[in-house]
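Reader: I'm new to this one and would like a close look at a single part. Could you take me through how some of the helices pack together?

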Amino acid sequence: MTRADFKVGEVALHPGERAADNGSASAHPGSIDGDAAAAFRSAGARLSDMLERFSRNAEVSRYSNLDTLARELRDSSSPEEAMPFENYLDYLEAHILPYAVNVSSPRCLGHMAGGVPRFASLLAQFVTALNQNLVKSEASQAFTLIERQTIGMMHSLIFGYPSSFYDQHIQTNDSALGIMTSGSTIANITGLWIARNRAFGPAADSVGASMEGLDAPLAHHSGRRAVIVGSTLMHYSFDKAANLLGLRVCKVPADAAGRIELDLLRESVDRCLQAGERVISIVGVAGTTDCGSIDSINEMADVAAEAGSHFHIDAAWGAPLMFSRRYRLALAGIERADSVAVDGHKQMMLPLGTSMLLLRDPTSANAIKQKARYMLQEHSSDLGRYSLEGSRPNTALYLHAALHVIGREGYESIIDENMRKTAWMCDEIRRRPEFELVVPSQTNIVLYRYVPEYYRHRRGGGGLSESDNARISAFNERLQQAQFRAGRSYVSRTLMDNTEHYRDVPIIVLRAVLGNPNTTDRDIAFLLDDQTEIAAGLDNTMDDRPERPPPLDQGEQA
Ligand SMILES: *Cc1c(COP(=O)(O)O)cnc(C)c1O
């Protein structure tokens, strides 16, 4: 192994080390010269080319069979000898990248998180090279202030307090307008953690749930159990939160549009209270993962106020609608929430790991505040005092940059255009006889399904039996898998069990998420054509032909 083998890594570790090597041949003032710097730049250029080639292809995935790759990656011995970084890049390009999913493809409509703008990729280099740790101000300095400002900007977007409020709290050590998290899962858990500790705060004879577990505070508050109440379409992170925090989850059915049934919500809350349960939080969803539906926020806020409970809103998907003057109306009342979870890596198109919990009351995070002798001082500016996570990367910077580089107007036009495309796709689905729109889209997620020809004239209303629907569901599942294998376009699928035409009948539906600004109407048409073509192929090639007429029993004659 020679020293030269480490060139690229060496420069990455010590960016300024060789700056003085060769000052005379400087290309422009302040540029860093030397062999190692040149090697670093050339590896960087090579990497960008490789990524550019990969993401420019409109295909979503080239290979879906991972068997060979899995065999290759079964080797558990780590290499003894160092490998030049260029060779490692060769390996990635030849053996691994072809199997990656091109989430930037304008025809990849299955995921909530997708491609990132170019400036975010460049910024990732900045974030990684500086490697600031936001757990502690002394490991991040300026970036602790940037993070606080970013959270303040997002807080203002959601809660819209006057600027004097932000003047007072944004950079004040003992105020927390929010907490950056690696995802909305952690944001939801943190929101309920705060809610629980506030509900079971220190009483005269106890130090509260934060130190004693739940038994003592529950006994003190003479409650039998602690419960959170939200709709059946709540994200599964609430099950995790409840499990970790010792809470029961009460799930209330959603209506055919995917919004919590308010009467059933009120009944459930009453029943919990009558049973002596403590309602820790009412949970509203602003943009369900399944279908993008938004709960009736104002009405839920009233229920929470009456029950004296915390009100948490999971706006992981929907919060960016606030950038749009037109679509923010769908979130009316969100400013009444005690806490709101927001994902930066979904509609805001930022790198994964960029999320936050926003808090209406800047003192509420005191309920979970930690101290650590070597690390987190009581009245310091250390952001780690409030976060569930420990060491934390500088993801707030992506958000901070995006709020400048894209701006409110930029996000507004992206959101408005995504909503226009959603309406276009819904129209196109209604226009094509082989498809059926299953849930009316409230935000930019479209739920629909393919209806094999045999069933077409009976769909909608009560024309299809449960067994018909089971067959159509099985067909759509196969269609979605075949589409993924074909790799030209992609949607995901989900199971809905209470739709307009099929109440209480679970059906499998195709799910398109329209979050990529590069997706055009033509891409959407391509995707629907692609599905029609694949479905026609399935009719002929599947052993178990799903459209084969079922036996005419149970009075099913058409
Ligand atoms: C994506 C999502 C989550 C989870 O967020 P992660 O960032 O994946 O942890 C929670 N709630 C909703 C509504 C979501 O769409």
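Predicted model: local features only at pLDDT ≥ 70, side-chain atom pairs only at ≥ 80, totals over all residues.

Author: Helix H5 covers residues 118–130, and its axis comes within 10 Å of the axis of H14, at a crossing angle of roughly 140°. That angle is why H5 counts as oblique to H14. If you want to find the spot on screen, look on the H5 side for Phe 119, Ala 120, Leu 123, Ala 124, Phe 126 and Val 127. Across from them, H14 brings Leu 397, Tyr 398, Ala 401, Ala 402 and Val 405. Sort those contact residues by class and you get eleven nonpolar, no polar and no charged.

Now stay with H14, which spans residues 396–405, and turn to its other partner here, helix H6, residues 142–159. The axes of H6 and H14 are 9 Å apart, and the two helices pack at an angle of about 55°. Because of that angle, H6 is also described as oblique to H14. The handedness of the crossing of H6 and H14 is left-handed. From H6, the contact takes in Phe 143, Ile 146, Glu 147, Gln 149, Thr 150, Met 153 and Met 154. H14 answers with Ala 396, Leu 397, Leu 399, His 400, Leu 403 and His 404. By class, the H6 and H14 contact splits into eight nonpolar, four polar and one charged.

Helix H8 runs over residues 184–199 and helix H11 over residues 237–245; their axes come within 9 Å and cross at roughly 40°. The angle therefore makes H8 oblique to H11. H8 goes past H11 in a right-handed crossing. On the H8 side you'll see Thr 185, Asn 188, Ile 189, Leu 192, Trp 193 and Arg 196. They meet Ser 237, Phe 238, Lys 240, Ala 241, Leu 244 and Leu 245 of H11. This contact holds seven nonpolar, three polar and two charged residues.

So, back to where we began: the contact of H5 with H14 has no polar and no charged residues, while the contact of H6 with H14 includes four polar and one charged.

Note on methods: Residues numbered from 1 in each chain as written. Heavy atoms only, no water. Axes fitted to C-alpha atoms, helices over the stretch in contact; angles between N-to-C directions. Helix = DSSP H or I, 4+ residues; strand = E, 2+ residues; numbered from the N terminus. Parallel < 35°, antiparallel > 145°, perpendicular 65-115°, else oblique. Left-handed = near helix turned anticlockwise from the far one by under 90°. Contact = heavy atoms within 4.5 Å. Nonpolar A, V, L, I, M, F, W, Y, C, P; charged D, E, K, R; others polar.
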